[in-house]
Amino acid sequence: MLKLFKILRDAGNSTVKYPFAPLEVPAGFRGKPQYDPEQCIACAACTVACPANALTMETDVVNGTRTWQLFLGRCIFCGRCEEVCPTRAIVLSQEFEMAVANKADLFQRATFRLLACHECHRPFAPEKEVAYTVALLQQAGMSAEDAEARRTQFETCPECKRKQSMPHKGNVTLSQHFITPPAAAFSQGGHHE
C-alpha cells in the first residue's frame, strides 16, 4: 500500500484544479467575442461572414439607425468575425465561462446613427463608415482637402449616384440583342454562340 502512495506522489496530478483554480488556456484559444462599439463602423462585414447567424444587423430607416447584435447562444467561436472586421472592433478573447441565468444576458447590442443622403435626404449608411472611408483616403496619401472634397460623393446614396451618372437617359439605346432575354431566344429556336 505504501508503494502505491509513492507511485501516486511521483506521478503528480493528471488533471487540472479547475474550477477551484484558474484554467490556463493555450495561445490562439477562441473564446467569447469581445466587441468594442467605439471601434465599430457598422459596415456589416462580420454579419455577412458569420456562418451561424449569431451576428445580425438591422437598419431602421424611419429612425435613421442601424442596430448591431451578437447572440452568444448561436456563436460557434469560428473567428470569422474577427478575420473580416476592418477596425478590429470584434476579437475573440480567452474567456470561455459564459453561463447565464437569463437568456437576455447572452445578447450584446449597439446602435449607430445613419447618415442622410446628400441628395434625397434618406438615411442609407452609418456616419462612422463614411468618416472611416475619408480617413482611409488620407492614410493612403490623399491630401486632407482632396479627401474632404470627395465626402459629398460618399454621402450620396447608390440610387442618387446612379441618377447622377446617367443624366441623359434619352441618349442610351439598346439593340434587339440586349432587349430579348436569353430564355426567350432559346424558346424561339435560336441559339447563342
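In this predicted model, strand β5, spanning residues 107–116, runs antiparallel to β6 and is joined to that strand by three bridges. Within this pairing, leucine 115 has alanine 125 of β6 as its bridge partner. Helix α4, formed by residues 127–139, packs on the sheet and touches both β5 and β6. The direction of helix α4 makes about 55 degrees with that of β6.

Strands β5 and β6 belong to an open sheet of four strands, arranged in the order β2-β3-β5-β6 with antiparallel pairing. The edges of the sheet are formed by β2 (55–60) and β6 (123–126), each of which pairs on one side only. On average, neighbouring strands of the sheet are turned by 30 degrees against each other, direction ignored.

Rolling a probe the size of a water molecule over the atoms shows where empty space is left. The structure holds two cavities of 30 Å³ or more.

The largest cavity contains about 90 Å³ of space. Its lining consists of 16 residues, and those nearest the centre are Cys50, Cys75, Phe77, Cys78 and Cys81. By class, the lining of the largest cavity comprises 13 nonpolar residues, one polar residue and two charged residues.

The second largest cavity has a volume of about 70 Å³. A set of 15 residues lines this cavity, with Cys40, Cys43, Ala44, Cys46 and Cys85 nearest its centre. The lining of the second largest cavity divides into 14 nonpolar residues and one polar residue, with no charged residues.

How values were computed:
Residues are numbered from 1 along each chain as its sequence is written. This is a predicted model: local features need pLDDT of at least 70, side-chain atom pairs count only at pLDDT 80 or more; totals for chains, interfaces and linings use all residues. Side-chain values use heavy atoms; hydrogens and water are left out. Two strands pair if DSSP finds at least two bridges between them. Helices (H or I, at least four residues) and strands (E, at least two) are DSSP runs, numbered from the N terminus. Axes are lines fitted to C-alpha atoms, for helices over the stretch in contact, and angles run from 0 to 180 degrees between N-to-C directions. Contact means heavy atoms within 4.5 Å. On a 1 Å grid over the protein atoms alone, a cavity is a set of points where a 1.4 Å probe fits but cannot get out, and a pocket is an open set with protein on both sides within 12 Å along at least five of seven lines; lining residues have an atom within 4 Å of a point. Grid points are joined across faces, edges and corners, and a volume is the space filled by probe spheres set on the points. Ala, Val, Leu, Ile, Met, Phe, Trp, Tyr, Cys and Pro count as nonpolar, Asp, Glu, Lys and Arg as charged, and the others, Gly among them, as polar.
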